[in-house]
Amino acid sequence: MANVKEEVKNEAKIAEAAEEVVKQSAKAMEATEALAAMDEMDESAAEEQEIQLPKIYVVRRSYINKSNGKKQWEYILPAVFRGSVSEVHFKASDVDGYEALDKLFSGGVKKIELQVHEEKQYDEHTGLRKYMVYEVVYTDEFGFEWRYPLKTVRGSDKAVMENYIRLLRFEAEQTAKATKK
């Protein structure tokens, strides 16, 4: 009788292990499919990248902080949103980032090019996730390209920026189609 109970326990453990292997295989298959989808998207993204977007620039503007009365800087991109100009506010990723931005804007630099690209990330819990990366890019007098990442300040800034990029891409595609005809 004890042997029968032991065999039932062993069979239950084997069944659990087999079930776990099936789950792991399913997760591996999902990851493989997601990576394959990313490769397909990369090919379509390469086609999209043929279309050149116009350069866009971030400017720096001073303001007086109401809490401490000190002069500080804000980083803004004027973007067209439904026919009018909206300001998209950017911030550095951390406190030391503002020092880096100050150095990029030093020496009378009024505006710095903003480059935008989309990145993809796979997470086994949420699947494939796309997000936009914003970087200011400054080429110094020696020809070295300095890059610094920025973040949008508010959710509304993110929405305006994403729509603005889509608008620029749409206009560039329309222009490309018109020149091919």
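Arg147 is partly exposed, with a relative accessible area of 39%. Here buried means under 20% relative accessible area, exposed over 50%, and partly exposed in between (1.4 Å probe, protein chains only). The model is predicted: local features need pLDDT of at least 70, side-chain atom pairs count only at pLDDT 80 or more, and totals for chains, interfaces and linings use all residues. Residues are numbered from 1 along each chain as its sequence is written, and side-chain values use heavy atoms, leaving out hydrogens and water.

The protein averages a pLDDT (the predictor's confidence in each residue, from 0 to 100) of 80. A score of at least 70 is reached by 75% of the residues. Confidence is lowest in helix α1 (residues 2-49), at a mean of 60, and highest in β6, at 93. Helices (H or I, at least four residues) and strands (E, at least two) are DSSP runs, numbered from the N terminus. Where pLDDT is low, the predicted coordinates should not be read in detail.

Arg147 forms a salt bridge with Glu135, with the closest N and O atoms 2.8 Å apart. A salt bridge is a side-chain nitrogen of Lys or Arg within 4 Å of a carboxyl oxygen of Asp or Glu. Arg147 lies in strand β6 and Glu135 in strand β5, so the pair ties together parts 12 residues apart in sequence. Glu135 counts as buried, at 16% relative accessibility. Arg147 also meets Glu145 in a salt bridge (3.1 Å, N to O). The whole structure holds 8 salt bridges. Another of them links Arg154 to Asp157, at 3.2 Å between the closest N and O atoms. Asp157 is buried, at 2% relative accessibility. Shared partners join Arg61, Glu74 and Glu87 into one network of salt bridges.

In helix α2 (residues 95-104), Gly97, Leu101 and Leu104 are buried. Seen down the axis of α2, these buried residues fall within an arc of 55° (taken from the directions from the helix axis to the C-beta atoms), so they line one face of the helix. Val95, Asp96 and Lys103 are exposed on the other side of α2.

The largest nonpolar core has 23 residues. Such a core is a set of buried Ala, Val, Leu, Ile, Met, Phe, Trp, Tyr and Cys residues joined through side-chain atoms within 4.5 Å. Val58, Leu77, Phe90, Leu114, Val136 and Met161 touch the most other members. Helix α3 gives the most to this core, with 5 residues. Buried residues of α3 include Met161, Tyr164 and Leu168.
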